[in-house]
Amino acid sequence: WSSTSDPSKPYYITTPIFYPNAKPHIGHLYTLVLGDVLARYRRLVEPQREVKFLVGTDEHGLKIQQAAAKSGKTREDGAVDVQGFCDELSEVFKNLSKSANISYTTFARTTQDRHLVAVEHVWRTLNEKGFIYKGEYEGWYSVTDECFYTTPQVTETTDGTHISKETGSTVEWSKEYNYMFRLSAFRDALVHHYSSNKDVTTVFPSQYNSVVLGMLSPASTDEPGLVDISISRPRSRLTWGITVPEDPEHTVYVWFDALLIYLSGVGYPWSGAGAQAGWPADMQIIGKDILRFHAIYLPAILLALSGPKYSELVATPPSKVLEAASIGLPKRLLTHAHWTVSQAKMSKSVGNVVDPIHSMETYGVDIVRYYLARVGGRFRDDVDWSFEQLENHSKQLQSLLGNYLLRVASARITASAAVGRDQLQDGGEAFLHSLNEELFQAATKLPGKVQSSMEALEVADALVEVLDVLKLANKAVTDIAPWSKACDPRVVYETRQTALLTLRVAGVCLKPFVPETSERLLEALGLSEAEKTWESVLALDGSERKKEREVKAVRLF
Ligand code: ME8
């Protein structure tokens with residue numbers, strides 16, 4: 001999915017655009033960090049290729065309208081200042097991204113003009129092609145989730161309120177005249193898309209690919225199957241949003257509007273081919289809570305936008321519907337589980353949140369990034385946030401990396417190594433100590449392993465591989481004890497050299513995860529820019545030790 005794709009097309013990564021209805025929590029930072037790890041990794045392994053990375057805020061809809069009203073923020077004329085409310089909170093999300101070193105290239109907001117242009121264009125096109133119709137819609141609406149649920153998806157609580165079975169959020173019955181999108185028309189094409197034989201599943205981890213296929217399957221008692229969706233709300237119910245083109249009595253449904261940010265964020269409607277702008281997205285990262293919208297609604301909208309018109313769709317085989325679409329579907333959807341607090345999902349609406357800014361100020365940006373990627377890098381199961389666990393991971397990294405550098409680069413070892421080096425008449429090809437040889441092999445193979453894990457999106461595995469090599473390195477230096485008087489200076493030399501090589505490799509491998517720490521480490525090692533590249537560490541695999549002997553003086557911080 002990566003190496004075979006066209007290197008002249010920008011590699012395009014997106015995170016969800018978050019609702020600025022309250023301050024961000026650690027769950028939002030987590031998704032941003034995952035996006036950033038993948039963006040930095042891509043720049044590292046494909047330095048010639050442009051990487052686009054979109055983040056932003058989703059500012060329309062009832063949820064925002066209500067939050068703004070509740071905040072009491074008003075304009076001079078006394079009306080609720082929804083835009084001002086969004087401006088302030090959007091800025092908070094932007095500052096979070098900056099504080100966490102998120103290397104986004106676009107911070108997109110749904111209240112920007114260029115987005116409005118894109119949404120109107122898509123609406124009109126879909127309307128012209130017969131995918132939009134007006135109908136009476138009845139259903140349970142959840143403001144928290146900003147979506148309708150059907151009766152089987154809802155349950156009544158003991159106090160008589162109705163809640164969504166899936167998310168537990170309160171729903172209200174509503175019956176209104178809305179514009180509908182012919183989502184059901186795309187069922188077979190989407191089933192084909194998610195079940196056709198590919199080396200990798202479109203939705204990763206594959207368990208979520210199965211969830212999507214389940215959503216697309218015919219009606220069961222709990223799931224209605226794929227039905228057409230309402231894509232507008234009457235203006236009387238929702239004013240804060242994009243007006244439906246040619247019908248001022250209706251406001252575009254917030255999800256229909258929001259999903260199009262991925263296109264408008266890279267300049268849609270394009271004058272030429274979307275590929276130049278970066279479309280299709282190569283990697284979209286989302287939480288499992290918004291899988292349906294990304295795996296079903298967005299692809300269906302794209303197929304409607306650029307494939308056969310509705311009257312021709314019925315007669316077109318599913319594979320042809322996909323082939324005919326000139327705007328390609330996103331290539332991969334990385335779906336992650338949730339962070340919980342005492343096993344309950346962290347959520348702005350519930351209020352049980354961990355403050356990301358405070359966490360980073362207390363423990364350091366890189367430690368928080370590291371913890372999120374290390375513990376949350378398997379995506380499959382929910383993980384519980386724990387400051388104690390964070391501290392343990394922080395101590396481990398500090399010990400394996402920081403203390404290790406201090407141990408192998410001490411003045412005593414450096415002096416002894418210089419003596420050893422002079423004694424090595426033969427060039428020192430053969431290792432004197434087997435642990436150094438073992439470490440050399442492990443360190444030089446590390447970039448290849450990390451690359452395999454990262455290409456497979458096994459982010460936590462990639463980190464564990466780096467840690468395993470660092471553990472071996474620490475064990476080697478403890479066992480060899482190059483600081484002891486009894487240690488042969490030639491072994492001291494060899495130990496120091498191998499240790500510094502290991503740190504160089506680990507430093508480069510850790511760049512996507514802990515950018516500042518890696519940079520400081522690589523700087524301390526006095527490496528040239530060329531020696532810090534992925535290409536240069538990848539090429540170490542299979543190299544002879546002799547070629548790697550020279551390590552410059554270490555500048556300790
Ligand atoms: O859904 N653990 O915005 P949102 C992990 N605006 N990740 C979490 C999380 C948790 N406890 N809580 C939130 C929206 N997230 C829409 C998106 S996209 C076109 C529109 C992360 O502010 C996770 O990525 O509710 C989740 O999908 C997203 O925040 C939801 O953010």
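For a chain of 557 residues, a compact globule would have a radius of gyration near 24 Å; this protein chain has 27 Å, which agrees. The model is predicted. Its C-alpha trace spans about 90 × 50 × 45 Å along the principal axes. The protein chain holds 21 helices and 18 strands.

Start at the ligand. The ligand is surrounded by 21 residues. Phe18, Gly27, Thr31, Asp58 and Gly287 are the closest. H1 provides the largest share, with four residues. By class, the shell around the ligand comprises 12 nonpolar, six polar and three charged residues.

An angle of 65 to 115 degrees counts as roughly perpendicular. On the H1 side, the contact uses Leu29, Tyr30, Val33, Leu34 and Val37. On the H14 side, Arg369, Leu372, Ala373 and Gly376 meet them. This contact of H1 with H14 divides into seven nonpolar residues, one polar and one charged.

Next, turn to another helix pair, H19 and H20. H19 covers residues 489-509, and H20 covers residues 515-524. They pack at an angle of about 150°, with their axes 9 Å apart. Angles over 145 degrees count as roughly antiparallel, so H19 is roughly antiparallel to H20. The crossing of H19 past H20 is left-handed.

Which residues in H19 and H20 meet? From H19 come Leu503, Arg504 and Gly507. From H20 come Ser518, Leu521 and Leu522. By class, the contact of H19 with H20 has three nonpolar residues, two polar and one charged.

The H1 contact with H14 has seven nonpolar residues; the H19 contact with H20 has three. Each contact has one charged residue, as the counts for H1 with H14 and for H19 with H20 show.

Terms used: Residues numbered from 1 in each chain as written. Predicted model: local features only at pLDDT ≥ 70, side-chain atom pairs only at ≥ 80, totals over all residues. Axes fitted to C-alpha atoms, helices over the stretch in contact; angles between N-to-C directions. Helix = DSSP H or I, 4+ residues; strand = E, 2+ residues; numbered from the N terminus. Parallel < 35°, antiparallel > 145°, perpendicular 65-115°, else oblique. Left-handed = near helix turned anticlockwise from the far one by under 90°. Contact = placed C-beta atoms within 7 Å. Nonpolar A, V, L, I, M, F, W, Y, C, P; charged D, E, K, R; others polar. Near = placed C-beta within 6 Å. Rg over C-alpha atoms; globule rule 2.2 N^0.38 Å.
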